[in-house]
Amino acid sequence: MRRFPDGPTEGLLEFAPHELLRELGTTTWLRLPGTGELPARAVATLLHGDESTGLEALLTVLRRRRRYPFDLHIVLGNVEAALEGPGFAHRFLDSQADGNRVWSSPAAPAEVPAAETCPQRRAADAVLGELLAAPLDALVDLHNTTGANPFHAIVADETPAALELATRFCTTLLRWDLGAGTLLEAVAPYAPAVAVECGLPGRRGSTAFAVDGLRRALGPRPGTVAAADHDLVRDLRRVTVVEGVRFRFGGRPDHEADLVLAPDGDAANLRAVPAGHVIGHVHPGAELPLRVTGPDGGDLTDELLAVAADGAVVTRTVSTPVMVVRTVEAARKDCYCYLAATS
């Protein structure tokens with residue numbers, strides 16, 4: 001891990017995003033010293049190598065050269081994956097662990113690979129040590145989504161401080177309780193923390209949203225914490241493709257694909273869909289090739305999904321899809337989507 005405890009070297013933040021990452025080469029922690037009047041704040045981004053918006057927004061804000069009344073800690077995650085190939089093309093490399101599934105703390109233990117065999121875990125432990133020693137007043141973790149999603153923010157708890165921080169970005173919020181070893185989960189027991197989903201990468205609107213929210217998040221905090229009016233989605237269940245199932249997006253099942261997922265499934269993200277909503281298709285009579293699990297890892301598949309007589313994979317109940325992806329790599333390396341209960 002690269003460390004910059006006394007701020008960036010001269011000219012470092014003037015590099016274009018890809019040039020900056022090439023200069024850094026690996027996971028980086030940077031402390032931008034402030035006046036010390038207030039506790040530190042932190043911004044993390046690029047925990048996944050294909051999520052470029054957070055880095056672009058962060059550089060835009062930092063190039064204003066404002067000196068804050070607090071130390072600002074910056075975390076740039078999977079630099080190696082971001083540099084691979086054409087750049088910003090891989091969530092994480094085949095030789096790596098997922099950079100947002102390796103975070104752990106005494107208050108939020110995670111089931112992750114052993115530190116001695118996982119460079120990503122070692123880097124995460126080092127970064128977390130710096131953040132929690134600050135001490136920390138707030139953390140913002142900037143992400144992109146793989147499919148089209150409304151802008152939304154994720155909290156690990158519903159404390160007023162966490163909700164207020166989240167609504168500085170938007171008023172569509174998700175309550176995360178899946179215990180996946182994320183940075184959000186590791187920091188939340190110690191300080192208000194939010195993960196912000198800034199839409200698809202490579203879009204001006206995504207960067208503008210992240211810049212505006214980041215400026216508010218780094219601005220004055222209210223003396224009395226009161227979250228704005230918001231919509232909060234709870235009770236997420238994780239939907240994965242069964243290992244070994246051959247699948248693709250679009251078309252019909254054939255000799256090359258046992259499961260075909262709807263190519264526009266992400267159009268339903270954060271919208272309530274009725275029972276019978278079609279997720280994809282399998283060969284008629286085939287077993288369900290998706291699995292749904294809850295926070296405790298329990299199998300909820302038969303409660304939420306079914307295969308119709310014609311091979312359509314459908315929802316059993318009214319549900320709200322969240323973070324539906326649209327690439328095979330994203331579905332394999334993480335999950336196809338989450339389903340939230342809709343009352």
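A residue counts as buried here when its relative accessible area is under 20%, as exposed when over 50%, and as partly exposed in between, using a 1.4 Å probe and protein chains only. By that rule Arg 168, at 11% relative accessibility, is buried. The structure above is a predicted model, so local features need pLDDT of at least 70 and side-chain atom pairs count only at pLDDT 80 or more, while totals for chains, interfaces and linings use all residues. Residues are numbered from 1 along each chain as its sequence is written, and side-chain values use heavy atoms, with hydrogens and water left out.

**Around Arg 168**

- Arg 168 sits in the loop between helix 5 (160-166) and strand 7 (172-175); helices (H or I, at least four residues) and strands (E, at least two) are DSSP runs numbered from the N terminus.
- Its side chain makes a polar contact of 2.7 Å with the side chain of Glu 164.
- A polar contact is a pair of N or O atoms within 3.5 Å; within protein, one must be able to donate a hydrogen and the other to accept it, and residues adjacent in sequence count only if both atoms are side-chain atoms.
- Leaving aside residues up to four places away in sequence, Arg 168 touches Gly 213, Arg 216, Ala 217, Gly 219, Pro 220, Arg 221 and Pro 222, where contact means heavy atoms within 4.5 Å.

**Helix 4**

- Helix 4 (residues 119-132) has 14 residues and spans 20 Å from first to last C-alpha, close to the 20 Å expected at 1.5 Å a residue; the expected span is 1.5 Å times one less than the number of residues.
- Its buried residues are Gln 120, Arg 121, Ala 123, Ala 124, Val 127, Leu 128 and Leu 131.
- Seen down the helix 4 axis, these buried residues fall within an arc of 160°, so they line one face of the helix; the arc is that of the directions from the axis to the C-beta atoms.
- They pack against strand 3 (40-45), strand 4 (72-76), strand 5 (136-143) and helix 6 (183-187).

**Strand 10 and its partners**

- Strand 10 (residues 236-241) runs antiparallel to strand 18 (residues 337-341), joined by 4 bridges; two strands pair if DSSP finds at least two bridges between them.
- Within that pairing, Leu 236 has Ala 340 as its bridge partner.
- Strand 10 also pairs with strand 14 (residues 290-293), antiparallel over 4 bridges, and Val 241 stands opposite Leu 290 there.

**Cysteines**

- The count of disulfides (cysteine sulfur atoms within 2.5 Å) is 0.
- Cys 170 is in no disulfide, the nearest cysteine sulfur being that of Cys 198, 8.6 Å away.
- Cys 337 is buried at 1% relative accessibility, and its sulfur is 6.8 Å from the closest cysteine sulfur, in Cys 335, too far for a bond.
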